[in-house]
Amino acid sequence: MHNLYVPPYKITLFLISFGITYFSAQVLNDKSFPMPDFKLPESKIEISEEIDNSIQKPEVPWTEVKIQTNGIDRKYGNLVGFHTTIPPEFFVKEEWWKERIEELLLAGKNANIYDRKTIVIFPEHIGSGLVLLDEKENFMSQNSLAKALSKKGDSFDLKKLFYQKSERMLDVYIRTFSELAKQYKVPILGGSIILPNPKMVRGSIVLDPNGPLYNVSIPFSADGKVMDPLLKKTSLSDLEKEILEPGDTNQDRVWVVPGWKVAIFIGQEVFVENLYDRLKGRPLDGIVSPAIAYEDMVFGDKNLNDPNIWQNDGIPKFIKTTKAQDLVQVFSNGSMFERRYDGKTFNLRDFIHFDRASSTDAPVILNLYF
């Protein structure tokens, strides 16, 4: 039999504990019994719902890409200028921007204008717009660049934004043009892009994060590789001078693709006569120029918002000092905050056969056969 003996002190402790518990319960149930007024401090923490202020994908305001052809296909190759119209919102997402680039390449393919001697040219600063990558509504909705930049801080400026975004910009730019050149099997001159002192190192572009900013044009081969020359613009616009450094006038500007050699001039470089002098006597088939023109843009006494200035005082005026016979200068249309840019892509075949974009409200392809 089990021993049921319990020491007296344990019985006493149990009775005391039971009595305290019972008394406490009676007190709490008694509304008349005075209780101390304990007040919890008010919380100072405010819980706010995070607002998603990402912009929505914009609609494309056109339904087709027009194609104009200068000459006939003699199987000697062709220069294809892509006149672009890209609203600024498309630069915010890599895939949106790529869609606008590929839209033109696909239209050219569907029209069967590519062969093994095709060269494709995009406009100046088509890559510089990638400085808007990943921006939100509170930045993109401002009516001036200054107001947009103020959203990032009182001392934040455009130069800082380019340095901040440069690696990301280059990554998107190289990936897009490399993939599309390979996919459509055409060499591409990717317009231009602003980067900090880019250099070609073993077939890749390397940036100096502390170097000066340049407006640089980068060619791609039909198999998607970056090619020479990596050309840094030498003659800057007034707006560019605020943040960029000019490139060396002695740098090589001849792009060699299978079967052809073309010289590259960026923007208003086309008005500088001594740049053509450096090409005298060199084998050359054509001259290509990615360009941009905006309101109140001048070069010396020239109003560059007038398309006739580019055609009368630019490449057509100086091409005969070289061995080239054909040319194309490619522009874009649109706006970026308060700045409106406008230009008309044109080409010239055998010095006399001229063609210019008939409309700039939508993308246009100008195809020139050699």
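**View 1. N70, a buried residue of strand β1.** N70 has a relative accessible area of 6%, so it counts as buried (under 20% relative accessible area, with exposed meaning over 50% and partly exposed in between, using a 1.4 Å probe and protein chains only). N70 sits in strand β1; strands (E, at least two residues) and helices (H or I, at least four) are DSSP runs, numbered from the N terminus. What does the side chain of N70 join up with through a polar contact? The partner is the side chain of R349, at 3.0 Å. A polar contact here is a pair of N or O atoms within 3.5 Å; within protein, one must be able to donate a hydrogen and the other to accept it, and residues adjacent in sequence count only if both atoms are side-chain atoms. Setting aside residues up to four places away in sequence, N70 also touches N347, H353, F354, D355, N367, L368 and Y369, where contact means heavy atoms within 4.5 Å.

A word on what you're looking at: this is a predicted model, in which local features need pLDDT of at least 70 and side-chain atom pairs count only at pLDDT 80 or more, while totals for chains, interfaces and linings use all residues. Residues are numbered from 1 along each chain as its sequence is written, and side-chain values use heavy atoms, with hydrogens and water left out.

**View 2. N215, buried in strand β8.** Here's another asparagine in a strand, this time β8. With a relative accessible area of 0%, N215 is buried. Its side chain makes a polar contact of 3.0 Å with the side chain of E240. Beyond its neighbours within four places in sequence, N215 has a list of contacts that includes E124, H125, S192, K232, L244 and I266.

**View 3. R168 on helix α5.** R168 belongs to helix α5. Is R168 buried or partly exposed? Its relative accessible area is 31%, so it is partly exposed. The side chain of R168 reaches the side chain of D134 in a polar contact of 2.9 Å. Leaving out residues up to four places away in sequence, R168 touches E94 and L133 as well as D134. V131 is 37 residues from R168 in sequence, yet their C-alpha atoms are 8.7 Å apart.

**View 4. Helix α2, with a bend along the way.** α2 has 17 residues and spans 24 Å from first C-alpha to last, close to the 24 Å expected (1.5 Å times one less than the number of residues). At E102 the helix bends by about 25°, which is the angle between axes fitted to the seven residues ending there and the seven starting there. Its buried residues include W96, W97, I101, L104 and L105. Among the elements covering them are β1, β2, α5 and β21. After the helix comes N112, with a positive phi near 60°.

**View 5. The largest nonpolar core, around F122.** This core holds 58 residues, and W97, L105 and F122 have the most contacts inside it. A nonpolar core is a set of buried Ala, Val, Leu, Ile, Met, Phe, Trp, Tyr and Cys residues joined through side-chain atoms within 4.5 Å. Helix α5 gives the largest share, 11 residues. Skipping neighbours within four places in sequence, F122 is in contact with residues including F82, I101, L105, F177, P290 and V330. A separate core of 27 residues lies apart, with V254, L304, W310 and L327 among its members.
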